[in-house]
Amino acid sequence: MAAIAHAFRAGGPNRDLVLSYAEDVKLLRSPRRSPWRWVFVVACAALFWLLPTYFVGDPGLRILAMCGIFAIGAIGLNLLTGFTGQVSLGHAFFVGAGAYTAAYFGGQRGWSMPAYLLLAALIGFVVGGVIGPFALRLRGNYLVIVTLGLVFLGQHLWSNWDSVTGGGAGISLGAAPMSIGPLDFKEGIELGGEAYSFEQSFFWLVWGLVALGALLAKNLVRSRPGRAMQAIRDRDLSAEVIGVSLARYKVGAFAWSSAYAAVAGALYGLLQQYVSPVEFGLFLAITYLAMIIIGGLGTIFGSVLGALFVWGGRSVIEQNSGQAIFDPLITTGSGEAGIFTIGEFNAVLFGLAIVLFLLFEPRGLAAFWLRIKSWFLTWPFSY
Amino acid sequence: MSPVPLLAAITADDLLQTGFSGVALGCKYALIALGFSIIFKATGVINFAQGAFVLIGAYFTYSFTQTWELNFYLSVVLAMAAGAVLGVAIEALVLRRLVNEAPVTVIMVTIGILFILDNVVTAIWGPDNRNLGDPWGVSTRELLGVTVADRDMWTMASTGLVLAAFYVFFRFSTLGLAMRAAAVDPEAAMAQGIPARRVYRVSWAIAGMVAALAGTTLAAGSGQLSPATGALALVAFPAMILGGLDSPLGAVVGGIIIGLVQQYTALLAPEYFDWVGESFERVSPYLVMIIILLIRPFGLYGTQEVRRV
Amino acid sequence: MKRHPWFRPLILLTAFALAAGACGGRDDDDDGAAGDEEGELATVPGFDGTTIRLGVITPTSGPVAVIGNPLTAGNEAYWEYVNEELGGVAGQYPVELVIEDSAYDPPTAVQKYNQIKGDVVMFNQLLGTPIVNAVLEQLNADDIVAQPATLDAFWVREQNLLPIGAPYQIQAINGLDWYVNEGGGEGQTICTLRQDDPYGEAGQEGVDFAAEQLGIELGPEVTFPVGNPDFTSQISQLQGADCQAVWLTAVPSDTGTALGKAAELGYAPQWLAQSPTWVTALGESPLAPYLQENYLWVSEGPEYGDESAPGMSELVRIQETYAPDQEPDIYFNFGYVESKAVHQLLEQAVENGDLSHEGIIEAMNAIDAFEYEGLLGDYGWGAPEDRDPPRANSVFRPNPDKPIGLELVVQEHEAPFAAEFEFGG
């Protein structure tokens, strides 16, 4: 069969032969050279359009929008942890910063959406840049726990800075305008005579931003700063020796990843219409870390996959644990037969999913995907 | 209308009492941190599931004491044995297969185990508050002008005992030496005939035992035993870090420092620093940890990492 | 080195995919317009012509499940009684509960809310102030009514909320007034020990109001974080200021830890405690003797099992019939009363002939008062600005021989100025 396929290929050099450095780092070569990549792009665009319009209902869109929000944050965290090797549990702090920026400037002050989204990114960038120097001093596990401390400090800040964050009672984003030009995402945009719901519009907004963020990140990674970051991850002492400025790239990585996190936080606040300090704690930090590890460290695609798997998987578990086969395990109240309540059961399944997945495929979904791909590519020599 | 602000009536007695309670609290953290540090010392893994071990240990003590109605001290010993079994089980079933993976992956797996264990505990024993049934209750005695709870005395004594046991174990016993060797270089250790597998297993077993003891001290007294008890293990992180990840002595010293910092913050902050907001004692351990790490990046007693190009 | 075949993880993913496929996609529910048909109720979201569905978002996992589970059990027992003995609402329409776990996590609660809002007529239970705060925006936007299972004063003036019981502020007002005038607290220094969050602030608000009306000066206001492991500094502060009575706003586990530390340090003021501080296990702990001497609990209604209140005898009977394994529990009782209130609301809505979300709100505004037959004070009702919560509270003391471990000291005490407390929301 490979012979037949070969016969159908246009004459010329092997498809993947590159003749210049510029071509090597190109994201999207011509369709003849990288057909499957183009298929992927077209399929994504199609899904982007079709899913909300025809296939998925509002509650499902809400879940997918949340996955998208997590994807943005996960891309940021992957830039920091996967590409630069700085393991950080502090992502939840930057997400919170973005959310409160949107709440305060959008909800309280009525800035327009592009304005407060950009401001959130900027604030994330600056705060990340301030935290970055810690990574210059601390390494490995010590950095992990210090960033964890950052999350708790953040929660303390959100709970006590009443005038801006509303304190422990939280703050509502109901008043925040959500329109870009003529498109009002809150009421639902109107395109070509059709009115769409809030969930549909928001889905498009979020996943549009995911695409933008992924493109930016991919571009960063294949360029000079990206190579510097990966050098730092692999062997930072050597990197320093050959002239990579650790200070610049470590701090830069923190800054950029925090900018992504802040945008994710702002969108999160807009989706929930309400934020409170308790949401930006250890659990959120762990969720992000789980997403990039299960998705695949050091890949952008993996971040998105991880977000879909972890958040989407959790939602799937919650929706399906009511099925009859689980009945003997579930109890709905005191004094009834069964072992777990639904909430406990979901949490156990979630933990089990993480553990089992990492046992089988410790390098994540992206690695799994690469394995499938290479199986097909090297067929019939796939062993 | 606001109430009268706190009178500046903080006496020397108060300070002494607070200091003592800080040490007692710190010993609880120290016991938890000891469990972390022994696993890290032997295998290089930060075990996020330690909090669950602590919780399970406490519930085992509860079951043995209240449900099986055994003598309390016997229950504690049995709970420690059960904790050891649990540690070994986790190691054999899960961690064994992840020996060469990226540390971040292993951390994530331990977090997954934490979720599972936390909820299994709640499922088996229920979410209600329970009384541990310890003989110490709320009884106290006077010592140097300070009121000391019996429970706290036992906590401090246990911590000291465990630390001494660790020291003797690591310094003088064959297995302890083997553990130190395996932590430095597993392959070389195996070449010397040291069974690395057994070493890992033993370290997890010891961590489980220490966790059971820690859980018992946490839940003893009038504070009820409930699933929320496990959340205290989070505070042990700064203790472990600022003492140095791989040093048991560091874990204990770190724990005591954190306990003291928390108690003194709770006493003094509302009076003198109320601009920092309420309940600042929840975050002060992390601040102290950050400050100490900036000065000594590997903790107070941690081994300095030697990096080669 | 073992090689992993690539299809091993695929098996896992396929399993997940199958599980996902098993669940059908949720259809987009549009709010069907409720056309009034002669003699028959139109079907609306949550009502399919025969059964009425109510939502419950409560923590069934996590530390707050110890409150969430008995609350839900109380809801369920009441509706079972209605379905079995009365044939349902208006004798015709049985009620079904849709229960979702919030894990006491606001974003999860919001997600669950959005998931089931198209499937229910209203919400019978939303547990937790942060949860209610988070969902309130959506409730207002979607015009759905919910019942908050917390006693904050904020909810009184909210159009879309149906609170029951005297709020925390009123508890503090009545408790303090009774104590100073009749409980032997005249001339004593009164302080507060409270949680550092909105729940704690609610109690403090009541204490401040009462102190102003009574013309007394309060001692220090000491706060602590939830789950505080050691209360030495807090107790030291109270001791140092010579507080003879302390108003306590906390949750049961912190109550145990705090009062335990007080017992150890030999500090025995009169503790006056808010209703969520008690759980039956406290009465059986080593702390019991100290509690019997020094602790008073402020809540509402009669003692458990007191037959003179018709609502109470009914509750006991229903509990024994439909939830025989349930131990007497204050949260079960609260859940029961919640459902009682919702029952009255649904009866009114059926009478009006409109069970849609908007119809429920109309029905709510048309009700004069919610009656609880002595279980709780009757709640004057109407439009949000006219609502008048019960203004009286009962005081209890721990007694191990009684069903919930509490015996009545004084029933339905109302401070003269309790009626003047303004609920601005």
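Modeller: Let us begin with the idea of a contact: two residues are in contact if their C-beta atoms, placed from the backbone, lie within 7 Å. Please keep in mind that this is a predicted model.

Biologist: Which residues does Val263(A) touch, leaving aside those up to four places away in sequence?

Modeller: With those neighbours set aside, Val263(A) touches Ile72(A), Gly98(A), Leu117(A), Ala120(A), Ala121(A) and Leu209(A). Val263(A) also belongs to the largest nonpolar core, which has 362 residues; Val263(A) and Val135(C) are the residues with the most contacts inside that core.

Biologist: What share of the contacts in chain A with a separation of 6 or more joins residues 24 or more positions apart?

Modeller: Such pairs account for 75% of those contacts in chain A. Buried residues, in turn, make up 54% of the 383 residues in this chain.

Biologist: How many helices and strands are there in chain A?

Modeller: Chain A has 16 helices and six strands. Its radius of gyration is 23 Å, close to the 21 Å that the globule rule gives for 383 residues, so chain A is as compact as a globular protein of that length. The C-alpha trace of chain A spans about 65 × 55 × 50 Å along its principal axes.

Biologist: How is chain C divided?

Modeller: In chain C, domain 1 covers 52-166 + 307-389, and domain 2 covers 168-299 + 394-420. Their C-alpha centres lie 28 Å apart. Ten residues from domain 1 of chain C and eleven residues from domain 2 of chain C form the contact.

Biologist: How many residues of chain C are in contact with chain B?

Modeller: On the chain C side there are 43 residues, in contact with 39 residues of chain B. The largest share of the chain C side, eight residues, comes from α8(C). By class, that side divides into 18 nonpolar, 17 polar and eight charged residues.

Key
Residues are numbered from 1 along each chain as its sequence is written. Chains are lettered from A and ligands numbered from 1 in the order in which they are written. This is a predicted model: local features need pLDDT of at least 70, side-chain atom pairs count only at pLDDT 80 or more; totals for chains, interfaces and linings use all residues. Helices (H or I, at least four residues) and strands (E, at least two) are DSSP runs, numbered from the N terminus. Ala, Val, Leu, Ile, Met, Phe, Trp, Tyr, Cys and Pro count as nonpolar, Asp, Glu, Lys and Arg as charged, and the others, Gly among them, as polar. The radius of gyration is taken over C-alpha atoms; the globule rule is 2.2 Å times the number of residues to the power 0.38. A residue is buried if 20 or more other C-beta atoms lie within 10 Å of its own, exposed if 12 or fewer, and partly exposed in between; C-beta atoms are placed from the backbone. A nonpolar core is a set of buried Ala, Val, Leu, Ile, Met, Phe, Trp, Tyr and Cys residues joined through C-beta atoms within 7 Å. Domain bounds come from an automatic or database domain assignment.
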